[in-house]
Amino acid sequence: MAHQMEVSHHAPEEEHPTSTGINNRKLLMWVFLSSDCLFFGSLIATYMVYRGQSLVGPYPVDIIDVPITTISTFVLLCSSFAMVRALAATNEDRQGGIIFWLLMTAFLGSIFIGFQVYEFNLFREEGLRIDTNLFGTTFFTLTGFHGAHVTLGIVWLLALAWIARKGRLGPKTALDVELAGLYWHFVDIVWIVIFTLIYLIGGFDTGPAGDPSLVPHSITGFLGLI
Amino acid sequence: MATLTDVIDRPSSQSGLWSWITTVDHKRIGVLYGVTAFIFLLLGGLEAGVIRLQLAVPDNTLVDPDTFNQMFTMHGTTMIFLVIMPLSASFFNFVIPLAIGARDVAFPRLNAFSYWVFLFGGLLLNASFLTNQAPDAGWFSYANLTEKPFSANQGLDYWALGLQVLGVSSLAAAFNFVVTIVNMRAPGMSLMRMPLFVWMTLVTSILLVLAFPVITVGLIELTFDRNFGTNFFVPEGGGDPILWQHLFWVFGHPEVYILILPAMGIVSEVLPTFSRKPLFGYPVVVFSGVVIGIMGWAVWSHHMFTVGLGPVAVSVFMITTMLIAVPTGVKIFNWIGTLWGGQIDLKTAMLFALGFVALFIVGGLSGVSHAVAPSDNQQQDTYYIVAHIHYVLFGGALFGIFAGVYYWFPKLTGKLLHEGIGKLHFWLYFIGMNITFFPMHYLGLNGMPRRIYTYASEFGWDGLNMLASLGYLVLLAGTLLFIVNLMISLRKEPDAGHDPWDAPGLEWSIASPPPTYNFATIPQVEGLDQYWIEKRRAEAEGHPITEPEAPVDPSTIHMPSPSYWPLVTAIGVLILGGGMLVDTGWDYIRFPIPFIGGLICFIGIVAWANEPPAKEHAGDDHHPEAGHGAEPHAMVAAPVAVAERPAGAAAAHSVRLICSNCGNQLSTNFRFCPYCGGAVENPAEPHQEG
C-alpha cells in the first residue's frame, strides 16, 4: 500500500463520495424495495393461485364493491401527488409547504386506511372472515399486509412532519423526504396491481361452480399446463 | 424522543464487555458471528451425533421416534440457518470491507443489528428445547404435516417464528452488503477488479434480498394457518399443500446457492494464493457465478419431481437443472486451471480448498444424477439425498469455510493456526466425511428412507450404518482437534506478520490484526490482485515490501461510534416474533406481546435515527442535524491523502509482471494474459522472483 503516512484531518462533507455516485441510503432503499417486490409478489401469487378455489361463500362477486374501492384508490393516488409536492417543497426550502404536504400525504393515506377498516368490517358482518374460505384467507392476508405497509408509511410521514416543525428539513436533508417518497410511491404502485387483480379482474369471481376451464384447478394443474 | 437520546450519551468503551455489546466495528461483528455460529455448529453436531448413535445398530431404542424427529429437524435447520449462513456472514463482515479497501460497511449500526437479531433468532429457535416442543417436521417442514392437527404442540410455531426473525437478520445484512460492495469500493476498484470472494458475496447478497421474502410469505401463511385458522395449506378448506412446497423451494433453491457461493468465493481466493498464480479465467468465473445466481431461480421444482407436476413441467425443470451444472462445471475447470503449472504450497487452507473441489465434484455428480427425473424417482427421500446434501454442504460449504478460517485467521489475530494440527484436522475431516457420507449413497440406493428412526436387521443396512456412525466419531475428533488448535494458537505470541501467504488481496497490506480504521490511506487500485501488483513492482524496483502500512493515530480518523440502539431494536424484533408464541385466547387482543416488541422496535429506531455523535467527536461534526435516519458517520472516505503514484511507473518497471494490455498482474511466465487474452511481451529486463 502507499508508503505515505500523512493523513489529513477529517473534513466533513455533505455527502461522502461513493463508487457509483448514488447515495448509500438511497441505494439501500432501492434494494429494500426490490426485496419488497418479491414479498408482495409471493402474496399476490398465492391469491392468484387460489382464485376461484373457495369451497364456500361469500365469493368475491357477493361482496366486493368496486366503486367504493375506486374512491379509496383515487385517494391513495392523490396522496402520491401530495408526496411529490412535499419533496418539491423540501428542495425549494418552503418550510410551510413541507409540513403541509407531508401532513396532507399522511392524511390521504389515513383516509385510504379508513376505507380499508370500513371494508374489512363490512366483509366481516357479511360473513367473510379470514378463516371462512380461501378468498377470505388470501384477501385479508394480501390487503392486510398492504395496509400495514401504508400504516408504517403514515407513521414515517408523521415523524418527518414532527422533525420539520423545527425547520430541520430542507434542501440539504431532502434525501430524508425522498426516501419516504420512494417507499410511499412503491406502496401505491403495489396497490394499483392489487386493485386491478383483486377488484377489477377477480372481483366478479364466483365459487367453484363457475366455468372450470377459466380457472386452473390447482397449482399442480397450472404447472402442468405450462 | 430527542430527550431520551439527549440523556443517554453514545457509548464509547473500547474494551470490555460493553465494547462488544455496543460495537459497530465490522471486524468485531465478524468475530461475534463466527464465534456464535461455531457454538451452533457444535450444537448441530451434537444433534447429528444423536442421529448417528441411534442408527448405528438396527432396532435401536436409544431415543424414541419423537426425539429422533426433533433431532433431524433441528440438525438440518441449525446447520443451514445458524451455522453455514452466519459463518459465511462472518467472512462477509470481516473480509469484505478489507478486501474492497473500505473503513467499514455502508451501515455499521445496521450491521450490528443484523448480528443481534441473528443471535436472538437462533436462541428463539433453540428455546423450543426448553419447553420440550422442538420442531419435528424436517428442515423443510412440508405442509400439511405442519398444520395443527398433525403438529399439535408449538414446535412449528417456534420454527416459523425463529426463521422469520433470522430472516430479518439475513435481509438486513444482505441490504448492507449489496450497498457496501456496490458503493464503497476503493478508487480504481472497478467491478472486474473485485476479488472473487467479493463478487460471490455480492451475488449471494442479491439472492438473499430476493429469496428471503418468498419464505417470509410462506412462513406467514404457515403461522396464520396454525394460529388464525386460515386455509392456505389445508385441503379441507380448498388449500393446496403443494403451494408450500413451491414457496419453500422458490426460496430454497436460491438458498442452496446462498450456502455454496461464499465457499466458492473463499476457495477462489485460497487456490490462487497457494498456487502463486492468478485465478485462471477470472472473468469466466465471475460470469459463471452470476449465471448460477440467475439460473438458481429456474430450477426449484427439481425438489418436487415426485409430486406429480406432469411430464412437461418435470422435463423443463430437468433441463434447467442440468444446464445449471454447466457454469458450476466451468468453475471447477477454472480452479483446476489455476492449479495447473502453479507452485503449489500445501498449507492447511490449501488442503481444505482442494478438499472442497474434490468433494464438491462428488456432490455435484450425485446432484446431476437426481436431476434426471426418472432416476430421482428412485432416489427421492432416501439416504442417497442425504449423501448428496452432505457432500455439497459439508464437503462443499463447510470445507470452503474452514479453508477461509485457516487463510484469514492470521489476519484476524496476527497469529497463525498451527499447521501440523491443522493438517491432521483436515485429514480427519476429509477421511471422516467420506466414511460417514459415502456409504449413504449405497444405503439410499438400497432403499433406506431418510428420517426413519430405526430399521430392521433383515434389510441389510447394518454394516454401512455402523460405518457411517464410526465416521461421525472421526469428524468429532477433527472438530475437537480444531478447538485445541484454536486454543493453542490464540495463546501464543503474534507470529504471522501482516502477509504470511504472500497473498494478492488488499486486506494483506495492512497490519494483523487490522487497526480499527483498517486503512490509514484509502488504497488506489490499479488492477486485479492489487497487493501482488504492488509487491511485484516494489521487488522489481529493488525495495520489497516487508512491513504493513504504518499505523496512524486513530483519533485522526473519524470512525462510527458504538451504539446501544441496534441491540435495543433487535430485542424489539425478538419480542415481536417470539411474542407470537403466547396466545392469551382473549377476544380482541389474542397476541398482545408482539405489540410491546413493536413499541420497543419503534423506540429503538427513533433513538437510532436521532443518536448524537460520540462526545469526543462532537466538536468536529459539522452538521449535528444530520442525525435523522442517516448514519451520521458513514465513514468511508474521510478524505485522506491518496498516495501519489507516478503514472507510468507501473508499466515501465514490470513489463513482464503486469499485462501491458489490461493492467492485470501475472505471477508466472504467461505468453498470453489470462485476463484479457492479449499477448504478453517478453521481459525487457531480468527481474527478481519474489
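Helices (H or I, at least four residues) and strands (E, at least two) are taken here as DSSP runs, numbered from the N terminus. By that definition chain A of this predicted model has seven helices and zero strands, while chain B has 20 helices and zero strands. Because this is a predicted model, local features need pLDDT of at least 70 and side-chain atom pairs count only at pLDDT 80 or more, whereas totals for chains, interfaces and linings use all residues. Residues are numbered from 1 along each chain as its sequence is written, and chains are lettered from A, with ligands numbered from 1, in the order in which they are written.

**The two chains overall**

- From the N terminus on, the elements of chain A run α-α-α-α-α-α-α, and buried residues (those with 20 or more other C-beta atoms within 10 Å of their own, as against 12 or fewer for exposed residues and a count in between for partly exposed ones, with C-beta atoms placed from the backbone) make up 42% of its 226 residues.
- In chain B, buried residues make up 58% of the 690 residues.
- For chain B, residues 24 or more positions apart account for 81% of the contacts with a separation of 6 or more.

**Helix packing in chain A**

- Helix H3 (residues 66-91) of chain A packs against helix H6 (residues 174-201) of chain A at an angle of about 165°, with the axes 10 Å apart; axes are lines fitted to C-alpha atoms, for helices over the stretch in contact, and angles run from 0 to 180 degrees between N-to-C directions.
- H3(A) and H6(A) are therefore roughly antiparallel to each other, given that angles under 35 degrees count as roughly parallel, over 145 as roughly antiparallel, 65 to 115 as roughly perpendicular and the rest as oblique.
- The contact involves, among others, A:Thr69, A:Leu76, A:Met83 and A:Leu87 of H3(A), and A:Val177, A:Trp184, A:Trp191 and A:Phe195 of H6(A).
- By class, the contact of H3(A) with H6(A) has 13 nonpolar, seven polar and two charged residues, where Ala, Val, Leu, Ile, Met, Phe, Trp, Tyr, Cys and Pro count as nonpolar, Asp, Glu, Lys and Arg as charged, and the others, Gly among them, as polar.

**Helix packing in chain B**

- The axes of helix H8 (residues 241-275) of chain B and helix H10 (residues 311-339) of chain B come within 9 Å and cross at roughly 20°, and that makes H8(B) roughly parallel to H10(B).
- H8(B) contributes B:Met264, B:Val267, B:Leu271, B:Pro272 and B:Ser275 to the contact, and H10(B) contributes B:Lys331, B:Trp335, B:Thr338 and B:Leu339.
- Sorted by class, the contact of H8(B) with H10(B) has six nonpolar, two polar and one charged residues.

**Nonpolar cores**

- A nonpolar core is a set of buried Ala, Val, Leu, Ile, Met, Phe, Trp, Tyr and Cys residues joined through C-beta atoms within 7 Å; of the 256 residues in the largest one, B:Val178, B:Val267, B:Ala353 and B:Ala403 touch the most other members.
- The largest share of this core, 22 residues, comes from helix H13 (residues 383-413) of chain B.
- Not counting residues up to four places away in sequence, B:Ala403 touches B:Ile266, B:Val267, B:Val270, B:Ala349, B:Phe352, B:Ala353 and B:Phe356.

**Local backbone features in chain B**

- In the loop between helix H5 (108-127) and helix H6 (155-183) of chain B lies B:Asn144, and the peptide bond from B:Ala143 to B:Asn144 is cis, with omega near -5°.
- B:Ser141 is found in the loop between H5 and H6 of chain B, has a phi near 40°, a positive value in a residue other than glycine, and counts as buried with 24 C-beta neighbours inside 10 Å.
- B:Pro513 has its place in the loop between helix H15 (462-491) and helix H16 (530-540) of chain B, and the peptide bond that leads from B:Ser512 to B:Pro513 is cis, with omega near -15°.
- B:Asn518 is also placed in the loop between H15 and H16 of chain B; its phi is near 65°, a positive value in a residue other than glycine, and with 25 C-beta neighbours inside 10 Å B:Asn518 counts as buried.

Notes:
Contact = placed C-beta atoms within 7 Å.
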